[in-house]
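Biologist: I would like to learn how to read a few features of this structure. Could we take them one at a time?

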Amino acid sequence: MDADERGPGRALAPRPSSAPTPPRAPAQAAQATPAAPTRLTARLQRAFAIADLRDQAARRLPKAVFDFIDGGAEDERTLRDNVEAFDSWMLMPRVGVDVGTRDLSRSILGAPSSLPIMMAPTGLAGFFWPDGEVAGAQAAARAGIPYCLSTNSVGSIEHVAQGAPEGERWFQLYFLRDRDWMQALLRRAAASRYRVLCLTVDLAVQGRRERDLRNAFTMPLRPRLSTALDLARRPAWLAGAARSRLGFGNFQVAGSGFTSVAQHVASLFDPSANWDDIARIRDQWRGPMALKGLLHPADAERAVALGIEAVIVSNHGGRQLDDVPAAIAALPDVADAVGARAEIILDGGVRRGTDVIKALALGATACSLGRPFLWGLSAGGSEGVSRAIEIFRSELDNAMTLLGTPTLDAITRDHLRARRGGGW
């Protein structure tokens with residue numbers, strides 16, 4: 001242990017007494033003759049919507065790997081509702097507004113972001129594309145939006161920080177049975193200059209993800225006779241996996257071999273964690289903190305009372321308890337309960353720029369993107385993530401222009417109408 005790693009408590013980097021230093025903008029590349037587009041670039045440019053990137057990801061990944069990204073718990077009702085519940089709201093444009101210029105930027109937990117979106121913490125990104133966490137973090141830095149690294153990443157805290165030193169980095173933490181190891185992760189994140197801690201509280205045990213059970217999904221992928229042909233048809237993915245050191249980069253787990261994510265969670269994660277434990281983490285982390293996995297407004301109020309600066313309205317992408325409310329359906333009550341006392345981030349089902357607008361109108365500060373990021377990554381690495389971000393940027397700018405809202409602050413609940421049957 002380094003001399004400045006003094007154990008738990010107030011040993012972490014001090015909470016800043018003034019506004020945090022904005023992330024440095026990436027250096028501008030020297031002017032040069034544009035290179036001829038590669039086949040990958042050309043294919044990504046044919047993705048005009050996030051659904052197109054999903055299709056490209058499905059063609060590149062083995063079915064078991066794609067299902068790990070795409071699937072949800074049990075009957076996947078919440079997974080579907082997360083997307084479909086956005087249809088409950090219609091946009092109501094206003095005219096006669098000067099929309100000659102638009103400002104899509106927003107401050108998220110004290111740091112500037114070029115868009116009201118961030119990269120959600122997603123486990124095993126390095127399983128879908130070689131060095132996938134670094135690829136995602138680099139794309140986020142280029143775009144000027146936050147990137148959140150998952151505890152369950154393939155690349156370690158330090159590796160990702162070294163590979164993507166620019167930009168706004170967050171670290172996502174789960175409650176672990178080994179509290180000393182949990183404290184070590186906090187110290188490592190602080191030492192590697194992850195500015196925001198995102199504590200996830202909806203994974204006491206892993207949800208029953210039946211696609212993964214049927215596919216016998218493991219990390220690394222276990223060869224099976226029934227999947228051999230599918231794997232053989234994905235040579236690009238196989239070549240990348242063969243070059244990668246696949247595992248859970250932030251853990252030192254005894255033994256080796258094939259491990260299901262459910263086994264990993266059951267052996268390492270702590271289902272006994274409660275609000276007292278959350279309060280201790282808030283006291284220990286000396287920077288902004290977000291609590292992820294809240295749906296009930298009373299839980300959001302309790303988080304704010306502990307001094308947590310942001311609540312993330314999320315059902316874990318429909319991957320935990322099935323038949324819970326869609327994230328966008330839970331958002332209005334949380335926003336009414338929290339008010340202006342904390343920022344609110346909507347996580348789940350965001351597929352369009354208009355989805356972002358609806359979330360902002362209902363009280364969100366920003367939206368967190370999980371599957372869109374992974375689909376872009378799986379389709380084309382860092383370039384694919386950049387394409388996903390650009391799609392959201394283009395859709396958001398177009399919709400704000402047509403809605404008559406030149407700034408994000410101009411978007412209000414008055415720009416929404418509830419959809420009832422075939423009308424409103």
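Biologist: Which charged end sits over the ring of Y194?

Modeller: The model is predicted, so what follows describes computed geometry. A charge counts as sitting over a ring if CZ of Arg is within 6 Å of the ring centre and within 35 degrees of the ring normal. Over the ring of Y194 sits the charged end of R169, 4.9 Å from the ring's centre. A second case is R319, which lies over the face of F68 at 4.9 Å from the ring centre.

Biologist: Which residue forms an aromatic pair with Y194 that is edge-to-face?

Modeller: Planes over 60 degrees apart count as edge-to-face. The search of the whole structure gives 8 aromatic pairs. One of them joins Y194 to F171, with 6.1 Å from centre to centre and 70 degrees between the planes, which makes the pair edge-to-face. F171 belongs to strand β6, residues 169-173, while Y194 is in the loop between α8 and β7, so the pair links parts of the chain 23 residues apart.

Biologist: Is F171 buried or exposed?

Modeller: Buried means under 20% relative accessible area. F171 has 0% relative accessibility and therefore counts as buried. Y194 counts as buried because its relative accessibility is 2%.

Biologist: What pair do Y174 and F269 form?

Modeller: Planes between the stacked and edge-to-face limits count as tilted. Y174 and F269 form a tilted pair, 4.7 Å centre to centre with 35 degrees between the planes. Y174 is in the loop between β6 and α8, and F269 is in the loop between α12 and α13, 95 residues apart. Both Y174 and F269 are buried.

Biologist: Which residues form one aromatic cluster?

Modeller: The cluster consists of F68, F127, F128, F217 and W237.

Biologist: Now the helices. At what angle do α2 and α17 pack?

Modeller: Helix α2, residues 50-60, packs against helix α17, residues 371-403, at about 170 degrees, and their axes are 10 Å apart. Angles over 145 degrees count as roughly antiparallel. α2 and α17 are therefore roughly antiparallel to each other. On the α2 side the contact includes I50, L53 and R54, and on the α17 side it includes P372, W375 and F392. By class, this contact has 9 nonpolar, 4 polar and 3 charged residues.

Biologist: How do α3 and α17 pack?

Modeller: Helix α3, residues 63-70, and α17 pack at an angle of about 155 degrees, with axes 10 Å apart. That angle is why α3 and α17 are also described as roughly antiparallel. F66, I69 and D70 of α3 meet R371, L374, W375 and S378 of α17. The classes here are 4 nonpolar, 1 polar and 2 charged residues.

Biologist: Where does R234 lie?

Modeller: R234 lies in the loop between α10 and α11. R234 counts as buried because its relative accessible area is 12%. Apart from neighbours within four places in sequence, R234 is in contact with A58, R59, R60, L61 and P62.

Biologist: What does the secondary structure of the chain come to?

Modeller: The chain has 17 helices and 12 strands. Of its 424 residues, 54% are buried. Among contacts between residues at least 6 apart in sequence, 77% join residues at least 24 apart.

Notes: Residues are numbered from 1 along each chain as its sequence is written. This is a predicted model: local features need pLDDT of at least 70, side-chain atom pairs count only at pLDDT 80 or more; totals for chains, interfaces and linings use all residues. Side-chain values use heavy atoms; hydrogens and water are left out. Rings of Phe, Tyr and Trp (its six-membered ring) pair if their centres lie within 6.5 Å; planes under 30 degrees apart count as stacked, over 60 as edge-to-face and the rest as tilted. Helices (H or I, at least four residues) and strands (E, at least two) are DSSP runs, numbered from the N terminus. Buried means under 20% relative accessible area, exposed over 50%, partly exposed in between (1.4 Å probe, protein chains only). Axes are lines fitted to C-alpha atoms, for helices over the stretch in contact, and angles run from 0 to 180 degrees between N-to-C directions. Angles under 35 degrees count as roughly parallel, over 145 as roughly antiparallel, 65 to 115 as roughly perpendicular and the rest as oblique. Contact means heavy atoms within 4.5 Å. Ala, Val, Leu, Ile, Met, Phe, Trp, Tyr, Cys and Pro count as nonpolar, Asp, Glu, Lys and Arg as charged, and the others, Gly among them, as polar.
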